[in-house]
Amino acid sequence: MQRFLDPAVLASISSLDLLAKTVVDGFVAGLHRSPDFGFSQEFAEYRAYTPGDDLRHVDWNLYARTERTYLKRYRGETNSQLTVLLDASNSMQYTSGAASVGPPKKMDYARFIAASLFYLAIRNQRDAAGLIVFDDELREFIRPSTRQGQLARLFGALEAAEPRARTDFGKPLLHFQNMLHRRGIAIVVSDFYEDPATVVRMIEPLRYRGHEVVLFHVLDPQEIRPTLKGPALLVDLETEETIEVVPEYAKTTYIERMAAHIEQLGTRARAAGMEYRLLATDQPLDAALREYLTLRQEGN
Amino acid sequence: MGFLAPWFLAGLAALGVPVFVHLLRKHVTTPRPVSSLMFFERGLQSSTRHRRLRHLLLFALRFALVLLVVVAFAEPYIRRPAADANGRLLLIVLDDSFSMRAGTRFVEAKQQALSLLAAKPHAQRAQVMALGGQLEVLTQPTAEDAQLRSALEGIEAGDGHAGFGELGRGIRTLSESVQGPIDLHLFSDMQRTQMPENFADMVLPGNVTLLLHPVAKDAPPNWTVESVDAPAELADPKDPKRSRVKAVVVGFHTPAASKTVSLVVNGRTLATRKIDVPANGRATVEFAPLDVGYGFNRCEVRLDGGDAFPADDASVFAVRRSDPERVLFVHAAGETRSTLYFSAALSAAAPGSFVLQSVAAEQTADLDPTRYAFVVLSDAETLPSLFEHGLEQYVSKGGGVLIALGTGAGRHARIPLWQGSVRQA
């Protein structure tokens with residue numbers, strides 16, 4: 001089933017719905033063989049009753065035998081709330097591959113991730129799922145919900161999200177903080193062409209509000225280790241600024257700087273209590289789904 | 001400043017080649033989109049600019065190279081100002097050759113040279129040379145006017161034949177020891193005969209500037225005895241073949257004229273002839289027989305009729321009259337043709353007169369070699385011992401013997417008088 005998670009294969013599926021179903025079904029089928037994962041009504045622990053706890057969760061059978069009130073806890077017993085923050089700036093439309101060959105655009109890869117997460121959350125976990133599309137403005141906001149038709153709305157918003165303008169984390173995240181009152185899982189999907197300190201500083205307030213934050217750093221393999229055969233004139237997709245590059249520079253200094261950027265972003269994110277994962281667009285999507293389930297299993 | 005070959009400046013159009021290469025044929029790169037130039041900052045900018053700078057330097061070098069090649073072909077030169085007279089050597093060369101005797105040439109030349117010397121700045125160094133048969137250095141480079149003037153005034157017209165080749169060689173030698181520029185002022189009648197056979201002999205070094213002061217605008221007419229053909233030795237004044245004198249009279253810049261030519265022997269005029277010399281042409285005159293006394297005679301072919309160069313109107317030569325000398329020619333018995341050959345060769349080649357006495361080898365017993373100018377042994381296989389002994393004595397006292405070996409010598413182990421065999425010889 002792993003082949004259904006290959007981005008190059010997924011790129012040929014035009015329907016996000018079908019794509020997400022393919023990914024998630026394949027992923028879940030693989031999970032059933034794993035003892036580390038489980039959800040729904042699996043018993044987790046007993047906890048002593050404290051005033052204010054919901055009496056519906058008291059194990060009355062145990063009370064009858066012991067005359068003590070305990071709450072019976074299950075894994076995944078509570079529905080979580082998933083919100084995907086999708087970067088739709090111009091830089092996300094970059095791909096090193098040609099048409100139908102090679103890795104997909106970073107934007108498409110981000111769509112695959114978001115669609116799969118939504119499908120997994122709503123259909124499998126009964127979680128509420130929402131979407132924020134942003135560049136330098138907040139372009140689309142779908143409040144997390146489990147209502148009928150939520151998945152279709154989310155897929156429609158993903159389809160409509162076309163890259164444009166520049167990335168600016170400050171403004172959309174401010175809205176995000178104001179809109180999301182209930183704690184949950186916030187997954188930021190972006191290429192993070194910004195100073196790591198700035199990124200973390202802008203997203204960090206979500207942690208203060210009790211959100212579990214995951215940074216999915218989507219990059220094309222050519223952005224990590226570029227290969228230039230000769231001097232090239234590079235054009236910034238966001239600013240349209242041009243610059244000449246010699247292969248020697250791309251082989252040495254650029255790779256060092258990009259590695260330092262990735263390292264710094266990961267370090268700072270983890271230091272701020274956030275999860276960080278680098279996703280190359282030629283990698284399968286299961287890493288992103290596995291990350292989500294891991295967080296959810298921890299009780300979020 | 002100027003250009004000796006200005007047409008080569010048309011090659012400046014070639015400067016368009018590096019311009020075309022560097023400006024019009026700029027490297028075209030297809031723009032390649034990237035997500036962000038965040039990591040292409042100062043370091044890359046500077047490296048790109050450095051590459052461009054290198055290209056500009058290459059362009060400048062190529063441009064300069066083409067420019068220099070074109071300008072070099074155009075042969076630029078710089079006319080140095082005369083203001084730096086203190087650093088220049090004033091070299092005065094006065095022609096004192098024989099031709100300068102004509103009219104007032106030498107006086108005029110000397111006067112002009114003295115005027116030049118008087119006009120020179122006091123601090124400027126000068127040197128005086130005389131060009132006659134050879135280049136004569138009269139002073140060293142000096143600023144002493146009195147010494148220079150004295151040297152110039154001391155020059156008198158001589159009998160030598162000046163040559164510009166000799167002048168060129170002397171100046172080239174001088175320039176090796178003199179640093180700095182030299183102004184060479186040549187005061188001469190600029191005769192064509194002063195030109196050397198090889199034009200390269202006249203080439204002057206690059207630091208020498210030649211300034212000519214010709215003193216003979218029009219060459220005067222001159223008749224001269226160009227050559228004299230006369231025997232150096234004369235044995236028989238009545239010999240029609242040898243007893244005669246032939247002279248060639250030639251005229252330079254002369255009209256057709258009738259000239260009188262005399263043959264003078266020991267101061268006495270023996271004969272006089274009248275010849276017609278064409279304009280700028282030659283005429284031949286012959287005196288025969290040449291009746292001179294025994295011993296050396298001072299002879300002279302003299303051309304009458306004055307011109308500007310009286311010294312070349314006569315040509316002096318000497319004729320010695322003597323009796324013919326006897327030569328003993330010893331040949332093998334029965335072999336007589338060698339005598340004929342040797343006699344013909346002797347009369348044709350020898351300037352003197354000889355009488356050949358031919359005898360067979362076995363007939364020489366009573367001959368005395370000392371009575372002959374020299375002795376010839378022509379393939380003589382054997383000699384009488386008495387004659388051979390006499391020959392040995394003759395040679396030891398300075399007499400000359402020519403031993404000619406022929407086919408007969410191979411049959412005998414010993415060569416007469418030589419004291420050895422053919423192989424040892």
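The model is predicted: local features need pLDDT of at least 70, side-chain atom pairs count only at pLDDT 80 or more, and totals for chains, interfaces and linings use all residues. Residues are numbered from 1 along each chain as its sequence is written, chains are lettered from A and ligands numbered from 1 in the order written, and side-chain values use heavy atoms, leaving out hydrogens and water.

**Aromatic pairs**
- Rings of Phe, Tyr and Trp (its six-membered ring) pair if their centres lie within 6.5 Å; planes under 30 degrees apart are stacked, over 60 edge-to-face, and the rest tilted.
- This rule gives eight aromatic pairs over all chains.
- One of them joins A:Trp60 and A:Tyr63 edge-to-face, at 5.9 Å centre to centre and 85° between the planes.
- Both residues lie in helix H3 (residues 60-66) of chain A, three residues apart, about one turn of the helix. Helices (H or I, at least four residues) and strands (E, at least two) are DSSP runs, numbered from the N terminus.
- A:Trp60 is partly exposed, at 46% relative accessible area. A:Tyr63 is also partly exposed, at 36%. Buried means under 20%, exposed over 50%, and partly exposed in between (1.4 Å probe, protein chains only).
- B:Phe354 and B:Phe374 pair edge-to-face, with 5.8 Å between centres and 70° between planes.
- B:Phe354 is in strand E18 (residues 354-360) and B:Phe374 in strand E19 (residues 374-378), both of chain B, so the pair ties together parts 20 residues apart in sequence.

**Aromatic cluster**
- A:Tyr193, A:Tyr254 and B:Phe39 form one aromatic cluster.

**Charges over rings**
- A charge sits over a ring if NZ of Lys or CZ of Arg is within 6 Å of the ring centre and within 35 degrees of the ring normal.
- B:Lys259 lies over the face of B:Trp223, 4.2 Å from the ring centre.
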